Amino acid sequence: MLGPMWTRRHAKGLLGSATGLGLALTVLVSTPSPAQAAPGPSADLFVTSPPDPIPATPGTVASTTLTVGNLGHDPLDVNIITESVQLLDNGHTRLVAGPDPRFVGRVSIVPNHLTLAGRSERQVQVSVNLPKGLKPDDYFLGFLISPVINSPSVAVVNDIGGLVVLSVPGPRDRKLTAKYIGLPWLHISLSTSASGIIRATSVGTSTVQFSTTIETNGWPSPKSSYRTVPAHLLPPGLTRDIPVSVSSWLGLGWYTIHTTLVYDRTDQSTGEVALSRTVIVLNPFWFLVVPAVILFWMWRRRRSRRTRSRGRHRAGHSRSANVKDQSRVRISVG
Amino acid sequence: MSSPRNRRRRWLSSSIAALLLVAGFIGLTSSQAFAAGTLTNLSWSVNNSQTSKTAVTYSFAFKTATAATLTAVTMTVPAGTAGTVAVGTVYGLGAGTVALAANTITYTVTTPVAVAANIAIYLSFTGLTNTSTAGSYTSVITTQKSGPTTVDTGTTAAVTFGSSSTGVTVKVGQTLTFTNSTPSFSLAVDPSMLNNLQSQAVVLTVQTNAASGYTLAASDTGLSVSSPAFTIPAVSSGPATGVATFPTSGWGASATLTTGGTDGAALAAGLSGAKFVGYPSSPANFLTATGPTGATADTLTLTDQVGVDYTVPDGTYTDTITYVATPTF
C-alpha cells in the first residue's frame, strides 16, 4: 500500500524531472474497503531566490542565500540539493537530476538539511567555487528543496526549485535577431483583430539581455499605442516570443507596428534590432458591404431616372405656361 | 451719418490691424516652435547615495515634450562623479553608447529615430562612483537632435549625497510558493458496475512574483502493479490531447483553473472543456503563466480518476505523480 518516498526519488531521477511536488497514490483493485480514504496532511513550502544575477569572478567563491519557508503548521524536515538547469525557449526552465557538470563538487549549501518549525523560514547559504577557466557569461544554477516525509503507508513529497544566475564579467559575444511570425500583411478574419508574435533569437555565444518597445499606429485609431516589455535574459541559441496584436472596432483597419529590441552589446554600448510590419485587418463582412453599396447606388440612380422621365411626361402640357411665368418674373425684377 | 468713403477707410484700417494681429500671433507661435520644450515627469534616482561610493547605478526617466529625431540625451551629474559608466537599461530610445565627461553623462543614439511627443524614456547607467562632496544635487536632462540642437530640457528633483547618509537598497527576492491540499490518497475500485470508476480532487496553488511567470509540468511513473506486471493505461499521451469520454479502463485527470487574471495563466490544450488527459512519463506542461500571479494565487483543481474493467488484474497499484513548478526567467 505504501508508495515509498525513495522509490519516488529514484523514479524522478530517471525521468529527469525535478522541481515540484510528488504525489504517491495507491489504488486497490478488488478490495472490499471504503471507496475513498481520507487524504493526508499537506506540506506547503516556499523558496525565495535572489532577483538579480550574482557577480562572479573565475577562481573565486561567489555567495548568495536562499530563503526556505514552511507555510504549514507542523514542523518539517527539508533537504536542499543542487541540480542541473535545462534552459528552454521563452525563459522556461527544467531542473534535471544531478549537479551541473561545470560545477560538480564546487557548490556548497549550508545547511543542506534543516528542520523548519511551523510557519517559519531559514536562510540557506550557497557558495560556488568558480572554475578558473569559466568564460564571461551568465550561468544558471538550480536548487531543489525537498521536504522529508516519514509515513507508514503513503509518502507525500512536495518539491520546490530555485534558480540562481551567476554573472561572470568580461567581453561577451551578444547578438540578437528578431522577426514577426503570424502577422500577414492582409488579415481577413471574422474577428476584428490580428495577432502574431515577435520572435527574438539569441544568435551570439553569450546570454543577451534585451528590452522591447512596440509602437502601433494606423487607421482608424487616432493615437499611437506604445508598449514596453521589461528586459529579459536570453541564453544563446534560444528564442523568446513577444505577443503582438492589432484590432479595429470597424472590422477594417490599417496598422503599422514598429518594434525596437535594444540589447546590451557591450558594457558601454547597446545594439538594436528594428522591425516594421504593416497589417490590414479586414472582416469579410466588408466584402458584402461594398457590393451592397454599389447596388444601392445603382438602384437609386435608376429610380431617379424613372422619376425624372415620369415627371417629364406629366409636365409636358404645362411647359409653355411655365416659360411665360418665368418671363413675367424677369420683367418685374428688371 | 458716415459717408461711404469714411466707411471704406474704417474697413481698410480695421483689416490692416487684424492682419498685423494675425502676423504677430504667427510670429509669436513660430518663434515658440524653435524654442526648447520642457520635459515632463522627470526623475533621477541612485541606488546608493553615500559619497564616494563605487559601483552605483543612476536611473533617469522623463517624457518628451516635442516630437523630434533624437540623437542624444545628456544628464548632468554632480562634480566629481567618476567611474566606468556602462549602459544599464534603456526604454524608449534605440541603441547607443554612453560616456561620462565634464560632469555630464551623454547617451548617444547610434541610429537616430523619430520620437513622438509625450513618450516615456528610461535610462539607467551602472558603474558610477558618487561625488565625494556631500550635498543635494539636481540633474538637468536634455534631449538633442542633430546639430546638436536642444529639443527639450528639464530639471529633476534633488538627490542628496552624504557621508553620514545611509544608502538604502531594497531587493525583493523572487519567491515561488507551491501548495497541495491533498498530497496523497487511496482509492478502492473493482470492475463491478457500481464501483468501477473512482476519482479524487487534488488542489494545487502556485503564487509567485516572478516577472516572467512560471510553468507547472507533470509526469508520472504509471499506475502499475509489479506482480503480475500490469499498468492501467493513461487516457491520453499527455496534456496536449484530451478525451471527453473516460474509457472503461484508464487513468488520468481533468483540471479547472482559477486565477486572478493578471498572470496570463492558461491550461494545456487537452484540458479544455473538462476533458481528461493522461500523465506523460516525462514532464509536460499542464499550466503556463507568463507573469506574476500578484495577490491571488493560481488554483489548479485536478480530478484524478481511475476506471477499471475485468481486463485489469486485481492488486495494489501505485503511482508517483510529480508536479513541477518552475519559475520562468
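Predicted model: local features only at pLDDT ≥ 70, side-chain atom pairs only at ≥ 80, totals over all residues.
The model scores ipTM 0.71 and pTM 0.70.

- Chain A holds three helices and 20 strands.
- Chain B holds one helix and 23 strands.
- Chain A has 334 residues, and 33% of them count as buried.
- Chain B has 329 residues, and 40% of them count as buried.
- In chain A, take the contacts between residues at least 6 apart in sequence: 73% of these join residues at least 24 apart.
- In chain B, take the contacts with a separation of 6 or more: residues 24 or more positions apart account for 77% of these.

- Strands of a sheet pair through backbone hydrogen bonds, in either a parallel or an antiparallel sense.
- Where the chains meet in this sheet, strand E2 of chain A (residues 45-49) pairs with strand E13 of chain B (residues 174-180).
- That pairing is antiparallel and runs over five bridges.
- Ser49(A) stands opposite Gln174(B) in E13(B).

**Gly253(A), a buried position**

- Gly253(A) is found in strand E19 of chain A, which covers residues 252-264.
- Gly253(A) has 22 other C-beta atoms within 10 Å, so Gly253(A) is buried.
- Leaving out residues up to four places away in sequence, Gly253(A) touches Gly218(A), Trp219(A), Pro220(A), Val246(A), Ser248(A) and Val281(A).
- One of these contacts, Pro220(A), is 33 residues from Gly253(A) along the chain.
- The C-alpha atoms of Gly253(A) and Pro220(A) are separated by 6.0 Å.

**Backbone exceptions in loops**

- Most residues other than glycine have a negative phi, and most peptide bonds are trans.
- The peptide bond from Val110(A) to Pro111(A) is cis, with omega near -10°.
- Pro111(A) sits in the loop between E7 and strand E8 (113-116) of chain A.
- Gly147(B) and Pro148(B) are also joined by a cis peptide bond, with omega about 0°.
- Pro148(B) sits in the loop between strand E10 (140-145) and strand E11 (149-155) of chain B.
- Arg119(A) is a residue other than glycine with a positive phi, near 55°.
- Arg119(A) lies in the loop between E8 and strand E9 (120-129) of chain A.
- Asn103(B), likewise not a glycine, has a positive phi near 60°.
- Asn103(B) lies in the loop between strand E6 (96-101) and strand E7 (104-115) of chain B.
- Asn103(B) has 14 other C-beta atoms within 10 Å, so Asn103(B) is partly exposed.

**Thr166(B), an exposed loop position**

- Thr166(B) lies in the loop between strand E12 (159-161) and E13 of chain B.
- Thr166(B) is exposed because 8 other C-beta atoms lie within 10 Å.
- Thr166(B) and Asn48(B) are 118 residues apart in sequence.
- In space, Thr166(B) and Asn48(B) are 8.0 Å apart, C-alpha to C-alpha.

**Confidence in chain B**

- Chain B averages a pLDDT of 86.
- Of the residues of chain B, 88% score at least 70.
- Confidence in chain B is highest in strand E20 (residues 266-267), at 96.
- Confidence in chain B is lowest in helix H1 (residues 4-34), at a mean of 51.
- Over residues 20-34 of chain B, pLDDT stays under 50.
- For residues 20-34 of chain B, the model has zero contacts beyond four places in sequence.

Methods
Residues numbered from 1 in each chain as written. Chains lettered and ligands numbered in written order. Pairing = 2+ DSSP bridges. Helix = DSSP H or I, 4+ residues; strand = E, 2+ residues; numbered from the N terminus. Buried ≥ 20, exposed ≤ 12 C-beta atoms within 10 Å, placed from the backbone. Contact = placed C-beta atoms within 7 Å. pLDDT = per-residue confidence, 0-100.
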